[in-house]
Amino acid sequence: MSSLSKTLRIIHAGALQQVIRKCVKHFSSHNANLTFEATGVGSREGAKRLLSGENYDIIALADQALFAELLVPDLVKSYYIFAADQIVIGYSQLSKGSEEINQGNWFETLLDPQVTFARSDHHLDPCGYRTLMVWQLSESFYSRPGLYSKMESACIPYSLYPKSLDLASALVNGKVDYAFLYSSEAEQLGLPYITLPSKVNLSNPAHANFYDQAAVSVESKVPGKNIIIHGKPIEFAIGISKESQNLELAQSFVELLTGPDGNSILEECGLIPC
Amino acid sequence: MNENIDKNTLTIPIERSIQAELLLLLGQKASHGYELIQRLNDADFKNGEADTATVYRNLRRMDKDGLINSHWEVGESGPGRRLYQLTPQGEKSLKIWVQYISQQKAKLEIFLQAYSQYEESLFNEENGVHKP
């Protein structure tokens, strides 16, 4: 394979930082003289960066639906679903109420005025709009009318945390008591977390119809206009830019991530290889 | 699953019965994981909810064991997904599972029959009926 002095540019969900690092390390061992530029962002922001003209070879996003909404067919020809995950509530040993919080009472703990919690920006990051969907579904699942509005009012302003990985850092640094994250992020950082019932955590395709009831308004690709997106099981996907000048290398990288070695890396990082 | 089956006694860890269910569903129709999870949870024979991690973990294990195989299927406009299908080895494995499940069913029927006799004896005892 000819890889002399080439640079592979990857834009990826912040939640995939460890996965991409490990894949890059593995890929580099078989491709000498190849350099990488990996950029971690909120996936919605990542897709919009391509739309604005930024060039990348590989796009790995936390929501497969972003490809159809923003990238296919103009910027990406095809894309592959490679991992699944779920939304959890991460915390630290210092978090207020961490001794009592559980799957049945988490909203009571979080709505305590002494407790702080955060989510990421839903306009930039799928974890942000998925968190809003979790709150909506919880209203119905736990029979708590008004829960969604209460959670929105009590949450730290979302603009402080563009992507879910920023939330994980805030937890580690003690800036917030609780944060809505992907299970894989909590696992990677060794953070304790509360799992949520499968009917609200967006993990199980068996509940796709129930998840679909949740709807969030986000900024569309047309400036100043919003679109409504509906809840879906969480699936990560990867694609290659049609503008890539390194198609062969990009294809090999995607094959690594979607093959047996990639599966092992995904499992090590707490994701579910699909 | 083959290494865990003693063909004489047919003892199989019950937590692996999800593999029998997945083999049957894949025998009926090749599917990707997302669809399989939905079909599995819709199936009348399923006890409890099959979670995403368990299904994918078992699919990878069965793929590695040669009971199923998989390839990427790219849709016209939708996403590419890994499509799983049953192999001849998987068909054999499914037959062994059916044999095992039939044995278990027979044993459960014997248990129910024995319980029925026990219940009848209790009833007779309470009502002063003595049978030799």
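Predicted model: local features only at pLDDT ≥ 70, side-chain atom pairs only at ≥ 80, totals over all residues.
Local features were taken into account only at pLDDT of at least 70 and side-chain atom pairs only at pLDDT 80 or more, whereas totals for chains, interfaces and linings use all residues. Residues are numbered from 1 along each chain as its sequence is written, with chains lettered from A and ligands numbered from 1 in the order in which they are written.

Chain B contains four helices and three strands, where helices (H or I, at least four residues) and strands (E, at least two) are DSSP runs numbered from the N terminus. Along the sequence these elements follow the pattern α-β-α-α-β-β-α. Of the 132 residues of chain B, 25% count as buried; a residue is termed buried if 20 or more other C-beta atoms lie within 10 Å of its own, exposed if 12 or fewer, and partly exposed in between, with C-beta atoms placed from the backbone. Among contacts in chain B between residues at least 6 apart in sequence, 48% join residues at least 24 apart, a contact being defined by C-beta atoms, placed from the backbone, that lie within 7 Å.

Helix α1(B) comprises twelve residues, 17–28, and its end C-alpha atoms are 17 Å apart, in agreement with the 16 Å that such a helix should span at 1.5 Å a residue; the expected span is 1.5 Å times one less than the number of residues. Within α1(B), the buried positions are Gln19(B), Glu21(B), Leu22(B), Leu23(B) and Leu26(B). The elements that cover them include the helices α2 (33–42), α3 (52–64) and α4 (88–126) as well as the strands β1 (31–32), β2 (68–74) and β3 (80–86) of chain B. According to an unreviewed UniProt entry, residues 22–95 of chain B carry the annotation "domain: Transcription regulator PadR N-terminal"; UniProt positions are given in the numbering used here, feature names are shortened, and annotations may be inferred rather than shown by experiment. The annotated span is 51% helix and 22% strand, and its end C-alpha atoms lie 13 Å apart.

In chain A, strand β1 (residues 6–13) is largely enclosed by the rest of the structure, because six of its eight residues are buried. β1(A) runs parallel to β2(A), to which eight bridges join it, and the bridge partner of Leu8(A) in β2(A) is Phe36(A). Two strands are taken to pair if DSSP finds at least two bridges between them. Two bridges join β6(A) to the parallel strand β7(A), residues 178–182, where Ala179(A) is the bridge partner of Ala118(A).

Asn33(A), in the loop between α1 (17–30) and β2 (34–41), has a positive phi of about 70 degrees although it is not a glycine, and Asn33(A) is exposed, with 10 other C-beta atoms within 10 Å. Ser143(A), in the loop between α5 (126–141) and α6 (147–154), likewise has a positive phi, near 50 degrees, and is exposed, with 8 other C-beta atoms within 10 Å. A cis peptide bond with omega of about 10 degrees joins Val72(A) and Pro73(A), and Pro73(A) lies in the loop between α3 (65–71) and β4 of chain A. Leu75(A) also lies in the loop between α3 and β4 and is partly exposed, with 17 other C-beta atoms within 10 Å. When residues up to four places away in sequence are not counted, Leu75(A) touches Leu50(A), Ser241(A) and Lys242(A).

At the interface, 17 residues of chain A are in contact with 17 residues of chain B. On the side of chain A that touches chain B, β4 (76–84) and β12 (272–273) each supply at least two residues, and β4(A) gives the most, with five. By class, this side of chain A has eleven nonpolar, six polar and no charged residues, where Ala, Val, Leu, Ile, Met, Phe, Trp, Tyr, Cys and Pro count as nonpolar, Asp, Glu, Lys and Arg as charged, and the others, Gly among them, as polar.

How values were computed:
Contact = placed C-beta atoms within 7 Å.
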